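Welcome, and thanks for taking a look at this one with us. Below is a short tour, grouped by topic, to read alongside the sequence and the 3D view.

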Amino acid sequence: MAALTLQLPSNLKLTDEEFELLVAVNKELRLELTAEGELVIMPPTGGETGNRNFDLLGQLWFWNSQKNLGKAFDSSTGFKLPNGATRSPDASWVKMERWDALTPEQRKKYLPLCPDFAVELVSETDDVEDTQAKMKEYLTSGLLLGWLINPKEKQVIIYRPNQTPEILQSPTSLSGEDVLPGFVLQLQPIFA
């Protein structure tokens, strides 16, 4: 089952509080809100995608626990982007100075910023073009480095500000570059 997008009437704009309430009473659903006010309902992933995402998060967690340069997040974390969208990347990371600048109240809600680093892992139910559009939305919102990983095609698209996306076919690893210094994502378990 692919993601379902609900078109809301143009005169019905959910406030942050209303969207949070909607998510709270529908805990079994994973919801995002587009900048245009559309409600996106994403289905749960299958076992293979869940395992790949777990491996990705494990590698990111391990690096972050060693370096302690920021905060890492899983796919249940919502980011309130500058364009009004609320998005939940499969994995993300925010520099410590940006995290420290948030108030305790802001940390409890959808984070009012774009992550510095985000990963979208294409699952069987994802539309690749929609996922690419989401990565471009992150870029225009301040993303410093993004990876769109497509295990089925063994392909990675790397997104960087003010650059054409770089397409890699069957890479064995990815570097966190200067955004995540010293982080190397091993792709073998994700492409397996």
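Let's begin with Thr34, which touches Val40, Ala85 and Arg87 once residues up to four places away in sequence are set aside. Thr34 sits in the loop between strand E2 (30–33) and strand E3 (39–42), and it counts as buried because its relative accessibility is 6%, under the 20% cut-off. Please keep in mind that this is a predicted model.

**Buried residues and their contacts**

- Leu81 is placed in the loop between strand E5 (79–80) and strand E6 (86–87).
- With a relative accessible area of 3%, Leu81 is buried.
- Not counting residues up to four places away in sequence, Leu81 touches Arg87, Leu113, Cys114, Glu137, Tyr138 and Ser141. Arg87 is also one of the residues that Thr34 touches.
- Gln59 lies 22 residues from Leu81 along the chain, and their C-alpha atoms are separated by 26 Å.
- Asn53 belongs to helix H2, and at 11% relative accessibility it counts as buried.
- Leaving aside neighbours within four places in sequence, Asn53 is in contact with Ser75, Asp90 and Leu121.
- Met96 is part of helix H3 (residues 96–100). Its relative accessibility is 16%, so Met96 counts as buried.
- The contacts of Met96, not counting residues up to four places away in sequence, are Asn68, Leu69, Gly70 and Lys71.
- Met96 and Leu185 are 89 residues apart in sequence, and in space they are 20 Å apart, C-alpha to C-alpha.

**Salt bridges**

- How many salt bridges does the structure hold? There are seven salt bridges, and the pairs below are among them.
- As background, side chains of opposite charge can pair when their charged atoms come close.
- Lys109 pairs with Glu20 in a salt bridge, with the closest N and O atoms 3.8 Å apart. Because Lys109 lies in the loop between helix H4 (104–108) and strand E8 (117–121), while Glu20 lies in helix H1 (residues 16–25), this pair ties together parts that are 89 residues apart in sequence.
- Both partners count as partly exposed: Lys109 has 36% relative accessibility, and Glu20 has 21%.
- Lys134 forms a salt bridge with Glu120, and their closest N and O atoms are 3.8 Å apart. Lys134 lies in helix H5 (residues 128–140) and Glu120 in strand E8, so the pair ties together parts that are 14 residues apart in sequence.
- Are Lys134 and Glu120 buried or exposed? Lys134 is buried, and Glu120 is buried too.
- Arg107 forms a salt bridge with Asp100, the closest N and O atoms being 3.9 Å apart. Arg107 is partly exposed, at a relative accessible area of 32%.
- Arg160, Glu166 and Glu177 are joined in a network of salt bridges.

**A patch of negative charge**

- Which residues gather in a patch of negative charge on the surface? They are Glu48, Glu124, Asp126, Asp127, Glu129 and Asp130.
- Glu48 counts as exposed because its relative accessibility is 53%, over the 50% cut-off. Asn53, by contrast, counts as buried.

**Backbone angles worth a look**

- Most residues other than glycine have a negative phi, and most peptide bonds are trans.
- Lys154 has a phi near 50°, a positive value in a residue other than glycine.
- Lys154 lies in the loop between strand E9 (145–150) and strand E10 (155–159). With a relative accessible area of 35%, Lys154 is partly exposed.
- Ser170 has a phi near 55°, again a positive value in a residue other than glycine.
- The loop between strand E11 (166–169) and strand E12 (173–175) is the place of Ser170. Ser170 is partly exposed, and its relative accessible area is 43%.

Note on methods:
Residues are numbered from 1 along each chain as its sequence is written. This is a predicted model: local features need pLDDT of at least 70, side-chain atom pairs count only at pLDDT 80 or more; totals for chains, interfaces and linings use all residues. Side-chain values use heavy atoms; hydrogens and water are left out. Patches are made of residues with over 30% relative accessible area and no salt bridge: like charges are joined within 9 Å, nonpolar side chains (Val, Leu, Ile, Met, Phe, Trp, Tyr) within 5 Å. Accessible areas come from the Shrake-Rupley method with a 1.4 Å probe; for residues, only the protein chains shown count as cover. A salt bridge is a side-chain nitrogen of Lys or Arg within 4 Å of a carboxyl oxygen of Asp or Glu. Lys and Arg count as positive and Asp and Glu as negative; His and the chain ends are not counted. The place of a charge is taken as NZ of Lys, CZ of Arg, CG of Asp or CD of Glu. Buried means under 20% relative accessible area, exposed over 50%, partly exposed in between (1.4 Å probe, protein chains only). Helices (H or I, at least four residues) and strands (E, at least two) are DSSP runs, numbered from the N terminus. Contact means heavy atoms within 4.5 Å.
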